[in-house]
Amino acid sequence: MRRIIEKADILIEALPYLRAFRGKVFVIKYGGRAIMSDKGKRSILQDVVFLSSVGICPVLVHGGGPHITAKLEERGERARFIEGRRMTDERVIRVVDEVLSDLNRQLVREIREELEGHAQGFHGKDGLFKIRPEPTGTLGYVGEITQVNVSPLRKLLRQGVVPVVSPISRWRDGQLYNVNADEAATKMAEAMQAEKLVFFTDTNGILRDQKNPESRIPTIRVPEVERLISKRIVEHGMIPKTRAAVHALSKGVKKVHIISGSFPRALLLEIFTEKGIGTEIVK
């Protein structure tokens, strides 16, 4: 009986958040090692379906970097990066398109058939994003987003359907370009004036000590970000995420969360509990 009462208490704790966030847009970027784990993927998709079922409007933006690297290695090719960004020639862009298209279909199918939710796949190459080639020209077919067409996304959200978005896009000459999923999620959150932008990562938020998982920083304010970077508390792949968070907040996004994709029920625990389980970045 005690466990049953505790479960009911959890629902009551979540009630104010459910009321506050009903009808609000959450843009959720899903990638990293979590996207390779069937168990982690199921938990995240269940959380997304739950959000949609209670009247919140989640948009799921996915990457696929580990899958792309694995596919290239299968074909005897080596993945190459410059400052964390994938070099993308003609052969690589074909692999990126193949992998992200397959992954998009898998995610939509799992939401629909296994979790009994409602979802529809989107690709930047279908006109969701306007892009330009990355200006240095050193990365090959890598693009940067200049505009997001949010109309089809809002239409689906009004119908209770989860848009599942792959970031690969076309330039005006029809050429496919690889677009960073973090950038796609950030630009989308800004364009939709999202209540929340959520990044799934491989760590439990931002840690003061990378060797100590208990050193999580629950809340960071915008003026603190550059100081944490200069002290190397925020480093490597977390730097572009935190700077993207700052930019998104300056463009009207209400709050940014960085959470672990390997933590069960991570999304619900971060959103619907007072303490959360990751790091929130606020103005």
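Me: Thanks! Which hand does the crossing of α6 and α8 have?
Reply: A crossing is left-handed if the near helix is turned anticlockwise from the far one by less than a right angle, and right-handed if clockwise. Helices here are DSSP runs of H or I with at least four residues, strands are runs of E with at least two, and both are numbered from the N terminus. For α6 and α8, the crossing is right-handed.

Me: Good to know. What should I keep in mind about the model itself?
Reply: This is a predicted model, in which local features need pLDDT of at least 70 and side-chain atom pairs count only at pLDDT 80 or more, while totals for chains, interfaces and linings use all residues. Residues are numbered from 1 along each chain as its sequence is written, and side-chain values use heavy atoms, with hydrogens and water left out.

Me: How are α6 and α8 oriented to each other, and why?
Reply: Axes are lines fitted to C-alpha atoms over the stretch in contact, and angles run from 0 to 180 degrees between N-to-C directions. Angles under 35 degrees count as roughly parallel, over 145 as roughly antiparallel, 65 to 115 as roughly perpendicular and the rest as oblique. Helix α6 (residues 181-191) and helix α8 (residues 238-250) pack at about 15 degrees, with axes 10 Å apart. The two helices are therefore roughly parallel.

Me: And which word describes α3 relative to α4?
Reply: Helix α3 (residues 65-74) packs on helix α4 (residues 90-114) at an angle of about 125 degrees, their axes lying 9 Å apart. That makes α3, relative to α4, oblique.

Me: Is D47 buried or exposed?
Reply: D47 sits in helix α2 (residues 38-53). Beyond its neighbours within four places in sequence, D47 is in contact (heavy atoms within 4.5 Å) with R265, A266, L267 and L268. Buried means under 20% relative accessible area, exposed over 50% and partly exposed in between, with a 1.4 Å probe and protein chains only. At a relative accessible area of 1%, D47 is buried.

Me: Which residue of β13 stands opposite T201?
Reply: Strands pair if DSSP finds at least two bridges between them. Six bridges join β11 to the parallel strand β13 (residues 255-260). Opposite T201 stands S260.
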